[in-house]
Amino acid sequence: MLHYHGTPIGGKREDVARFLSGRHALIPFPRPDDIGVAAEVCQSFALDNGAFSAWRAGEPVTDWTGYYDWVNEWRTHPGFDWAIVPDVIDGDEKANDDLLAEWPFGRYEGIGVPVWHLHESLQRLEFLVASWPRVALGSSGEWRDPGTRAWWHRIGEVMGICTDADNRPRAKLHGLRMLDPAIFSRLPLASADSTNAAVNGNRKGKQIGSNTLTGQTIIADRIEQHQSAGSWVTLDRQRVLSFDLFELDR
């Protein structure tokens, strides 16, 4: 799987380059500070529409023209992987389907990745998995916090739709805010992202008497030592195979 580290990383430009070198980055449209560096030193990068940050700030985006222009600017770069299609966090399905219809780059070109939110219907998930080559899974509603007991039970329902008779994904799956080994190592994800290294690197660096870059590097390296599951194992089966799934009891 690909481990996408959310940006901006912060700090000196040379430290940003050192941290991102050889990694995969997720660049948010509202804060594209590191796009130039990522394009030069990352193995690859993906573009995020920034809807989650806007939603948390209480300022949802209504005009996506600037984002479409930004995607169009970078989509031909050799390091570009894909871009998240605009979505409405905690919105209804019609609002998100309207944004899918508005997406200017087509469904099968591999540029756009639609988001299915955990509070949405499984029928919509079935449509997306059957129609798009890659689908992003976003935690929302009563399942907004990845790793909780309720979240895992919802994921069990999700995997029942996303996987085939051999428990392997029917489309490439990306886990939004799921770059936690306790989560992605038990899911058949093609990729996942988080801002863990960017947000907590300074604190980790201070803990060990070092600097932010060192803290970020330690966090990222520990994450990247793990890979996603090759196929989905049901929750009941996971309980049998392992006694340390503390996430399921949270």
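A residue is called buried when its relative accessible area is under 20%, exposed when it is over 50%, and partly exposed in between, using a 1.4 Å probe and protein chains only. This is a predicted model, in which local features need pLDDT of at least 70 and side-chain atom pairs count only at pLDDT 80 or more, while totals for chains, interfaces and linings use all residues. Residues are numbered from 1 along each chain as its sequence is written, and side-chain values use heavy atoms, with hydrogens and water left out.

**Sheet**

- Helices (H or I, at least four residues) and strands (E, at least two) are DSSP runs, numbered from the N terminus.
- An open sheet is formed by 9 strands in the order S5-S4-S3-S2-S1-S9-S8-S7-S6, and the pairing is parallel; two strands pair if DSSP finds at least two bridges between them.
- Strands S5 (112-113) and S6 (115-117) are the edge strands, each pairing on one side only.
- Strand S1 (residues 2-6) and strand S2 (residues 24-28) run parallel and are joined by 3 bridges; Tyr-4 stands opposite His-24 in S2.
- Helix H6 (residues 122-131) lies across S6 and strand S7 (134-138) and runs at about 160 degrees to S6. Axes are lines fitted to C-alpha atoms, for helices over the stretch in contact, and angles run from 0 to 180 degrees between N-to-C directions.

**Arg-23**

- Arg-23 lies in the loop between helix H1 (13-20) and S2, and is buried, with a relative accessible area of 8%.
- Contact means heavy atoms within 4.5 Å. Not counting residues up to four places away in sequence, Arg-23 touches His-5, Cys-42, Gln-43, Ser-44, Thr-217, Ala-220, Asp-221 and Glu-224.
- The side chains of Arg-23 and Asp-221 are joined by a polar contact of 3.1 Å. Such a contact is a pair of N or O atoms within 3.5 Å; within protein, one must be able to donate a hydrogen and the other to accept it, and residues adjacent in sequence count only if both atoms are side-chain atoms.
- The Arg-23 side chain also reaches the backbone oxygen of Phe-19 at 2.7 Å.

**Helix H9**

- Ala-197, Ala-198, Gly-201, Lys-204 and Gly-205 are buried in H9.
- Viewed down the axis of H9, these buried residues fall within an arc of 115 degrees, so they line one face of the helix; the arc is that of the directions from the helix axis to the C-beta atoms.
- Val-199, Lys-206 and Gln-207, on the other side of H9, are exposed.
- The cover over the buried residues of H9 includes S1, H1 and helix H10 (212-224).
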